[in-house]
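Colleague: I am new to this structure. Could you take me through how the two chains meet?

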Protein chains: 2
Amino acid sequence: MSRYKIAVIGGTGPQGRGLARWLVAGGHDVVIGSRSAERAGATAEEIATRTGADVSGADNESAARTADIVLVVVPWNGHHELITSLADALDGKLVVSCVNPLGFDAQGAFGLGVEEGSAAEQTQKIVPGARVVGAFHHLSAVSLWESEALLDHEDVLVCGDDLEAKEVVKELAGCVTGRPGVDAGALRLAAQLEPLTAVLININRRYKTRSGIAIVGIDR
Amino acid sequence: MSRYKIAVIGGTGPQGRGLARWLVAGGHDVVIGSRSAERAGATAEEIATRTGADVSGADNESAARTADIVLVVVPWNGHHELITSLADALDGKLVVSCVNPLGFDAQGAFGLGVEEGSAAEQTQKIVPGARVVGAFHHLSAVSLWESEALLDHEDVLVCGDDLEAKEVVKELAGCVTGRPGVDAGALRLAAQLEPLTAVLININRRYKTRSGIAIVGIDR
């Protein structure tokens, strides 16, 4: 497996931190990005302690510029502005969108309408020169950080229009689950993958658990 | 478990026929509905032969009128007109919407935009007096008909606003999978469940398989 230089934008949040941990454990060179370089450095140190490997931290833009692959793991609120501000740094990169546009009210979680179809397609529209892939939407942040074992009962669903980029991300998924990500189709399928997280959040509330998705019937 | 009188609207299609088979096997009194009572009767006979139990057939409206529970298993194309034509017969019933509004092109399957959010919500809007539940979107028609064993690696995701109706449908799901359906939240979550089928169809094409969904992390 290739060793990549990977920036995790929003890497101080629970989901970003948890994903970063497994990418580091998988042997990749990871830089945590945050609006504050200082907070990024603190999380990088926390992950270094957890994994016993070197991890660095930087402001989001510096992190993106130094990386081959950029994971975007940020809240939907403010997404458009953030991607716009990073557009130059993301140009030409493999960008993995892990963003879930969700709303919450008394009835629970639900998928928000997105003009471009999905957060991933919004990113592609703002940065036409990026190779955008959607993935890692459905893994529980708690499991990502706390589990000692690979999350090998779960599947990472991967969508994208650039087949080579999609293969790379399927391979990265193996750092978390121990098996390649599942090809879910074109980038537009992010419109299905992202709000599916609302279903899992509702299940978690109803069953008091941390649920995940598995695809059955694939010969592995 | 209660024994219900269940109509399967669109029961001559592969999905409807496959679901009907398991509901019959689960001890329910099933009537196959079709635009043509004659074709409904032929499919009913086919299912009776497959299961060794009595099954009847009727035109869609007659089938709906005689039943306590009505499964709607029809193509998205023509859905609005069909539900409108059956509105009087569906009033006051537990209606299970199993409809997937999907499009297909050279890039594969994708979810169609639906003004009401989903086929299930469209049905609820056309028939305000029905208790609409969304379920059974993700089971392969081929597996439903051909499998000798319960589809016990798969989950039926169930959404709805009427909690009692949702419990009944979770129980019906057990006829197919051997375990209760999973509560995925309010009826509006049908907007996530329905187009998820596009992901499975893309996976089937890519991996040459019949894929399904399982929820991991639920204590059963």
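This is a predicted model: local features need pLDDT of at least 70, side-chain atom pairs count only at pLDDT 80 or more; totals for chains, interfaces and linings use all residues.

Modeller: A rotation of 180° with 0.0 Å of shift along its axis puts chain B on chain A, with RMSD 0.0 Å. Residues are numbered from 1 along each chain as its sequence is written, chains are lettered from A in the order in which they are written, and side-chain values use heavy atoms, without hydrogens and water.

Colleague: How many residues of chain B are in contact with chain A?

Modeller: Contact means heavy atoms within 4.5 Å. 100% of the interface residues of chain B are also interface residues in chain A, so the copies meet through the same surface. The number in chain B is 41.

Colleague: Which residue of chain B forms a salt bridge with Asp105(A)?

Modeller: A salt bridge puts a side-chain nitrogen of Lys or Arg within 4 Å of a carboxyl oxygen of Asp or Glu. Between the chains there are 5. For Asp105(A), the closest N and O atoms are 2.7 Å apart, and the partner is Arg188(B).

Colleague: Which element gives the most to the side of chain B that touches chain A?

Modeller: Helices are DSSP runs (H or I, at least four residues), and strands are runs of E (at least two), numbered from the N terminus. The top contributor supplies 11 residues. That element is α8(B).

Note on methods. Copies are superposed by least squares on the C-alpha atoms of residues with pLDDT of at least 70 in both.
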